[in-house]
Amino acid sequence: MSIGDDENPGQQWAGPQGGSAIAQAEQAAAAAEHAVRVAEERLRAAVDALPQGIVFLDPDGRYILWNEEYARIYHKTADLFRPGIRLADTLRMGVLRGDYPEAFGREEEWLAERLALLAQPGLRHEQWLSDGRCIMIEERKTADGCTIGLRVDITEMKQREESFRLLFESNPVPLLVYDPETDLLVAANEAAAAHFGYPLRQLEGMPAEALFAPDEWPDAQVLLACSRSEKDRFWRQRAADGSKLESVLFTRQSILDGRLATIVSVFDVTERRKAEARIAYMARHDELTGLANRAHCRERLHQMLEDQVQKPGRNLSLLLIDLDHFKPINDTFGHLVGDALLAEVARRMATLVPQSGLLCRIGGDEFAVIMEGRGTDTIELVASAIAKGMREPFRISGCNIHIGATVGLAIAPADSRDPETLLRYADLALYAAKAERRGTWKRFHRDMDAAAQEKGRLEADFRKAIRNGELAVHYQPLISLETGEIEGREALVRWHHPIRGTIMPDEFIALAEEIGLIDVVGQFVLQSACREAARWPDDIKLAVNVSPVQFRSSNLLGIVLQALSSSGLDPRRLELEITEAVLLEKGPNVSNVLKSIRALGVGISMDDFGTGYSSLSYLLSYPFTKIKIDKSFVQRLTTEPDSRAVVQAIIGLGQSLGLTVTAEGIEREDVLDYLRTAGCQQGQGYLIGTPCAADDMVPPMQRRRALKA
Ligand SMILES: [Mg+2]
């Protein structure tokens, strides 16, 4: 633009040398003047080319030189710029023209401040203009007292700063700015203040250490001094009220206000971690009792056995505990009572197990205890205490509930060092204890394993037997003791094993019940027998045994209906034989099923009467049509007066209740005679007829003749 006093001509003078000298001097002067002008033009071009605004002021603060950018920045007063004009005056005009919003309402004050800065240059400062731009001003004095002023348009930077400030302050993520040199927090946002529970003003300027758990600080200090993002590292932090927080921290180093600082983003994972911890706890514990669950029990057992290698001479014992008679409680009183009982059982058991032992609930009514480093005697005492302790009644919802517990015990390293084997051994011991007498405990013994392996083989064979049709139904006659005529036949299942030969039901029915195949067997027998009986004369009935397990697990009524309809057998010709064990299956189900079956016309026989509880109330509360006197009484009839009394009583009972009475196990003539004389209506036994396959049965007419003869 303008430079110096460029209208000022070079001095006109004449030297003493006269003409040519003058001419020479004039030439030189002209050349010099030209050179100056060229230099000036170059300077102006150079100054104009600068991206910053530049102004030169003389010692009085008057304009000497300015560039295009300077005039562009101050375009509201650029028309006034002239060499020799005072900056103070253009500033005042600028204020009047409203170019300096910061001066509104305090014009004189603002001018004084601005001129003070001009008088004492060196201090960078910012100046806002009315068009929204922000100018950074830097002024310096030259040696001769002039001022060189630099103007940089920092509007964009200020906008970025503002955006950053907004982003920082209103960010929902808690953010902190940390000074690695002083370990202080130099800034924080509202979210951080809320997260840590401090007023924002208190947070800013606070030592960063105060936000961390004391033992975390050394690591945290390292983290805060660098840029890092570890999303899997959970930092334990502290809130203002001392509560514990867990956070994932991301750090980013940056230069803020000319200083190295770390921006810290805080991601609160407290709730997530609590939820994770809850889930982890739930995955390892039983909700109802709060005890360790099956997975946890297994894991601990594995771990402890592994550790045991390092601790020779120490025992590790595993107790498996099964509650006795728990299922009927659930069925009779409902699950709420069942659950309350289990919780109470867990509480009582905990008092019987040493503090160092781990008590677990590994199934519905199955518990386990893992104990370490105790003498065999102590371990056995605990097993016995649990079995005994569970016998005492439990008071639940105002009722006294009696259950019990059977315990199986295996000890490492004596029995096995392998966790799975130890579990199996404890289970075998439990099984053996249950088979012998519930409510007791047993320690594993080698023989149990052999028996279990034998059972395993039998089980595999039995599954095969069903597929291969190795099961067959045999029939044993029941005769009228009065007429000697066959009145019915009892269907009895046989297993024709390809190697072992014929196996009797008492050897495999319990197994079938245990491995869940009793329904298949039961259905097979019922269907085959009904089909067979449909071919017999109409006056011959069919008796089929039903296992208690069939009442528990299957749709017995459906199976009976199907067998009847597919065979066409008259329901009145079918009798189901049940034992008292069926009636111990408490709950409305048994009674309903029995009533429904009876309603079809099917007879219901009480099998093996006299051996179980023989509760007379059973005879009255269920729809029985027949009592079968157990063979143990029948066989001792002629030798034992007591047995005679029992048989006599049952016959009398049957007569007065209107039930048919059948004597089982008749093997001798004198027994047969006695029963006939005593008024027993029906008989069954080897003397009368052995069970045989349908094909081998003596035709009824022949048989009748044989007996009558
Ligand atoms: Mg029977």
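This is a working chat about a predicted model.

User: Let's start with the open sheet. What's the strand order?
Analyst: The order is E2-E1-E5-E4-E3. That makes 5 strands, and the pairing is antiparallel.

User: Which strands stand at the edges?
Analyst: Strand E2 (63–66) and strand E3 (125–128). Each has a single partner strand, so one side of each has no neighbour in the sheet.

User: And how are neighbouring strands turned against each other?
Analyst: By 25° on average, ignoring direction.

User: How many bridges join E1 to E5?
Analyst: There are 5 bridges between E1 (residues 53–57) and E5 (residues 147–153). The two run antiparallel. Within that pair, valine 55 stands opposite glycine 149 of E5.

User: Where is aspartate 58 found?
Analyst: In the loop between E1 and E2.

User: What does aspartate 58 contact, leaving aside neighbours within four places?
Analyst: Ile64 and Cys146.

User: Why does aspartate 58 count as partly exposed?
Analyst: Because aspartate 58 has 17 C-beta neighbours inside 10 Å. A buried residue needs 20 or more, and an exposed one has 12 or fewer.

User: How far apart in space are aspartate 58 and alanine 220?
Analyst: 56 Å, C-alpha to C-alpha. In sequence they are 162 residues apart.

User: New topic. Which residues have the most contacts inside the largest nonpolar core?
Analyst: Ala529, Cys530, Val544 and Ile629. That core has 63 residues.

User: Which helix gives the most to this core?
Analyst: Helix H17 (residues 518–533), with 7 residues.

User: What does valine 544 touch, beyond residues up to four places away?
Analyst: Ala491, Val525, Leu526, Ala529, Leu574, Leu576 and Glu577.

User: What about the second core?
Analyst: The second core is separate and has 49 residues. Among them are Ile401, Ala405, Ile411 and Leu428.

User: Moving on to E19. How many of its residues are buried?
Analyst: In E19 (residues 471–480), 8 of the 10 residues are buried, so this strand is largely enclosed by the rest of the structure.

User: How many bridges join E19 to E20?
Analyst: 9 bridges, with E19 and E20 (residues 486–497) running antiparallel. Tyrosine 475 stands opposite alanine 491 in E20. Alanine 491 is also one of the residues touched by valine 544.

User: What's in the hairpin of E19 and E20?
Analyst: There are 5 residues between the strands. Glycine 484 in this hairpin takes a positive phi near 80°.

User: What about E19 and E28?
Analyst: E19 pairs with E28 (residues 692–693) in the antiparallel sense, over 2 bridges. Cysteine 692 is the bridge partner of tyrosine 475 in E28.

User: And E19 with E27?
Analyst: Again antiparallel, with 2 bridges joining E19 to E27 (residues 682–683). There, glycine 683 is the bridge partner of isoleucine 479.

User: Now helix H13. What span should it have, and what are the ends doing?
Analyst: H13 (residues 376–389) has 14 residues, which should span 20 Å at 1.5 Å a residue. Its end C-alpha atoms are 20 Å apart, which agrees.

User: Which residues of H13 are buried?
Analyst: Ile379, Val382, Ala383, Ile386 and Ala387. Down the axis of H13, the buried residues fall within an arc of 130°, so they line one face of the helix.

User: What do those buried residues pack against?
Analyst: Strands E12 (316–324), E14, E17 (404–412) and E18 (441–443), plus helix H12 (335–352).

User: How does E14 pair with E13?
Analyst: In the antiparallel sense, over 4 bridges. E13 covers residues 358–361 and E14 covers residues 366–372. A hairpin of 4 residues joins them. Cysteine 360 stands opposite alanine 368 of E14.

User: Last one: valine 248. Where does it lie?
Analyst: In strand E10 (residues 244–256). Valine 248 counts as partly exposed because 18 C-beta neighbours lie inside 10 Å.

User: What does valine 248 touch, not counting residues up to four places away?
Analyst: Lys231, Arg233, Phe234, Phe267 and Val269.

User: And what separates valine 248 from glycine 375?
Analyst: Their C-alpha atoms are separated by 49 Å. Along the chain, valine 248 and glycine 375 are 127 residues apart.

Terms used
Residues are numbered from 1 along each chain as its sequence is written. This is a predicted model: local features need pLDDT of at least 70, side-chain atom pairs count only at pLDDT 80 or more; totals for chains, interfaces and linings use all residues. Two strands pair if DSSP finds at least two bridges between them. Axes are lines fitted to C-alpha atoms, for helices over the stretch in contact, and angles run from 0 to 180 degrees between N-to-C directions. A nonpolar core is a set of buried Ala, Val, Leu, Ile, Met, Phe, Trp, Tyr and Cys residues joined through C-beta atoms within 7 Å. Two residues are in contact if their C-beta atoms, placed from the backbone, lie within 7 Å. The expected span of a helix is 1.5 Å times one less than its number of residues. The arc is that of the directions from the helix axis to the C-beta atoms.
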